[in-house]
Amino acid sequence: MTDLRDRLGKAVFQRVAGPDGPANRARIHDTPGPRWFGPERPIRTVHGDASMFIGGLSALLLQSLHPLAMAAVSAHSGFRGDPWGRLQRTSTFLAVTTYGTSSDAEDAVARVRAIHLRVRGTTAEGLPYHAADPHLLGWVHAAETDSFLRAHERYGARPLDTAGYDDYVADTARVAEALGVIDPPRDRQALARRLAMYQPELRATPEARAAARFLLLHPPVPLAVRPFYGVLAANAVALLPQRERGVLRLPRLPVVEGLAVQPAGLLLTHTIRWAMSSGSRSRPE
């Protein structure tokens with residue numbers, strides 16, 4: 001069982017963190033210096049939990065509903081051609097800003113901001129977009145934060161209390177401001193108001209529906225892993241807010257979700273958590 005646990009943990013970590021994962025992990029955790037967030041901060045608890053696997057996929061589905069954000073992703077991110085590379089870059093950014101030194105976090109943010117400055121264009125309808133637009137950045141941040149929070153609340157090993165989740169939102173605001181978001185929400189109520197503010201702008205474009213089909217029906221995973229990914233995907237869909245789920249035309253089956261989907265999601269995150277705890281720091285980051 002120990003050998004199985006080690007192999008499974010290494011396989012998951014390699015897929016999420018990439019070939020440079022071990023070196024990045026050592027640099028992130030072992031480099032001395034001040035950090036943006038101390039060991040006691042909620043952002044470390046949330047981002048270090050296996051619930052992030054479900055929250056991350058749910059966040060992608062939610063973020064796709066903003067036409068300008070989706071157009072930028074569709075035209076510039078290469079998520080179809082290199083989905084694992086995009087995942088690995090995102091997970092490394094989250095790890096550096098959550099656990100790394102302040103200097104490394106600032107460097108990571110500077111690299112992302114430089115990329116955002118170059119990403120611009122127009123949608124199929126002729127609407128201009130720019131990835132550095134603070135309004136678009138605000139949507140991406142709010143959707144991501146809400147998805148991670150609700151995933152941890154539902155699937156986390158140790159869910160936080162109300163004050164803890166408020167502090168989590170406040171922690172993520174520090175990263176958001178560094179990326180260029182103006183006045184990001186700093187507690188859960190403010191986060192809910194910010195998401196509601198964006199609702200009139202959301203709709204399922206052909207690009208958003210294509211992204212959902214790719215993520216949910218044609219994932220780039222081996223056949224042997226498809227059943228486990230199916231559990232992940234079903235729980236990511238179940239985590240979406242009801243209105244946004246309807247916009248994407250994803251079915252809602254409350255009885256099935258309560259009796260089968262969520263228990264399977266809890267088992268899956270427990271298994272991932274078990275596997276990735278085999279090493280001294282084999283965590284999702």
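Visitor: Which element gives the most residues to the lining of the second largest pocket?
Guide: This is a predicted model, in which local features need pLDDT of at least 70 and side-chain atom pairs count only at pLDDT 80 or more, while totals for chains, interfaces and linings use all residues. Residues are numbered from 1 along each chain as its sequence is written, and side-chain values use heavy atoms, leaving out hydrogens and water. Helices are DSSP runs (H or I, at least four residues) numbered from the N terminus. With 5 residues, the element that gives the most to this lining is α11.

Visitor: How much space lies in the second largest pocket?
Guide: A pocket is an open set of points on a 1 Å grid over the protein atoms alone where a 1.4 Å probe fits, with protein on both sides within 12 Å along at least five of seven lines. Grid points are joined across faces, edges and corners, and a volume is the space filled by probe spheres set on them. For the second largest pocket this space is about 350 Å³.

Visitor: Which residues lie closest to the centre of the second largest pocket, and which elements give two or more residues to its lining?
Guide: The pocket is lined by 18 residues (an atom within 4 Å of a point), and those closest to its centre are Leu 216, Leu 217, Val 237, Leu 250 and Pro 251. The elements that give two or more residues to the lining are α11 (206-217), α12 (226-239) and α14 (254-276).

Visitor: How are α4 and α11 oriented to each other?
Guide: Helix α4 (residues 52-63) packs against α11 with the axes 9 Å apart and an angle of about 160 degrees; axes are fitted to C-alpha atoms over the stretch in contact, and angles run from 0 to 180 degrees between N-to-C directions. Angles over 145 degrees count as roughly antiparallel. The two helices are therefore roughly antiparallel.

Visitor: Which residues make the contact of α4 with α11?
Guide: Contact means heavy atoms within 4.5 Å. From α4 come Leu 57, Leu 60 and Leu 61, and from α11 come Ala 212, Leu 215 and Leu 216.

Visitor: At what angle do α6 and α7 pack?
Guide: Helix α6 (residues 83-99) and helix α7 (residues 102-118) have their axes 8 Å apart. The angle at which they pack is about 145 degrees.

Visitor: Where does Arg 249 lie?
Guide: Most residues other than glycine have a negative phi. Arg 249 has a positive phi of about 60 degrees although it is not a glycine. Arg 249 lies in the loop between α13 (242-247) and α14.

Terms used:
Parallel < 35°, antiparallel > 145°, perpendicular 65-115°, else oblique.
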